[in-house]
Amino acid sequence: MEKKNEIVICLGSSCFARGNKATLKTIQKYIDDHHLREKVYFHGGHCFGRCAEGPTVTVNGKIFTGVDEYNILDILNSELSEY
Ligand code: FES
């Protein structure tokens, strides 16, 4: 089955050092807790060129800035399509 959702977490040094290290773990846990491994393509990306507004994460092509390990949960809850 084709994965419906794509999450890309910026692993550029700025975002990674400023919080995406923890956010990565939170997203992974969310995917596991909701049994979404087959439905979500989650991977890391290079710098999105928005370091000043980071940490950044994209969900289905939409970029989110100022992401942290807490607000990512609201983002995932509202942005992931039906699964
Ligand atoms: S390091 Fe993440 S946008 Fe540049």
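Of the contacts in the protein chain with a separation of 6 or more, 65% are between residues 24 or more positions apart; two residues are in contact if their C-beta atoms, placed from the backbone, lie within 7 Å. The structure is a predicted model, in which local features need pLDDT of at least 70 and side-chain atom pairs count only at pLDDT 80 or more, while totals for chains, interfaces and linings use all residues. Residues are numbered from 1 along each chain as its sequence is written.

The protein chain contains two helices and four strands, where helices (H or I, at least four residues) and strands (E, at least two) are DSSP runs numbered from the N terminus. Along the sequence these elements follow the pattern β-α-β-β-β-α. The radius of gyration, taken over C-alpha atoms, is compared with a globule rule of 2.2 Å times the number of residues to the power 0.38. For 83 residues a compact globule would have a value near 12 Å, and the protein chain, with 12 Å, agrees. Taken along the principal axes, the C-alpha atoms fill a box of roughly 35 × 20 × 20 Å.

The four strands form an open sheet in the order β2-β1-β3-β4, with mixed pairing; two strands pair if DSSP finds at least two bridges between them. Strands β2 (40-45) and β4 (62-64) stand at the edges with a single partner strand each, so one side of each is left without a neighbour in the sheet. From one strand to the next, the twist averages 20°.

The parallel pair β1 and β2 is joined by six bridges. Between these strands the chain passes through α1, and this β-α-β crossover is right-handed, meaning that, with the strands pointing away from the viewer, the path from the first strand over the helix to the second runs clockwise. Within this pair, E6 stands opposite Y41 in β2, and I7 stands opposite F42 in β2. Strands β1 and β3 run antiparallel and are joined by three bridges; here V57 in β3 is the bridge partner of I9. Strands β3 and β4 also pair in the antiparallel sense, over three bridges, and V59 stands opposite K62 in β4. Helix α1 lies across β1, β2 and β3 and runs at about 150° to β1; axes are lines fitted to C-alpha atoms, for helices over the stretch in contact, and angles run from 0 to 180 degrees between N-to-C directions.

Buried residues make up 23% of the 83 residues in the protein chain. A residue is buried if 20 or more other C-beta atoms lie within 10 Å of its own, exposed if 12 or fewer, and partly exposed in between, with C-beta atoms placed from the backbone. In soluble globular proteins, nonpolar side chains tend to be buried together. Not counting residues up to four places away in sequence, I9 touches N20, T23, L24, I27, G44, G45 and V57.

Several loop residues were also examined. G12, in the loop between β1 and α1, is buried, with 21 other C-beta atoms within 10 Å. Apart from neighbours within four places in sequence, G12 is in contact with H46, C47 and C51. G12 and R50 are 38 residues apart in sequence and 10 Å apart in space, C-alpha to C-alpha.

Most residues other than glycine have a negative phi, and most peptide bonds are trans. H35, which is not a glycine, has a positive phi of about 55°. This residue is placed in the loop between α1 and β2 and is exposed, with 9 other C-beta atoms within 10 Å. N60 likewise has a positive phi, near 50°. N60 is found in the loop between β3 and β4 and is partly exposed, with 13 other C-beta atoms within 10 Å. A cis peptide bond, with omega about 0°, joins G54 and P55; P55 is found in the loop between β2 and β3.
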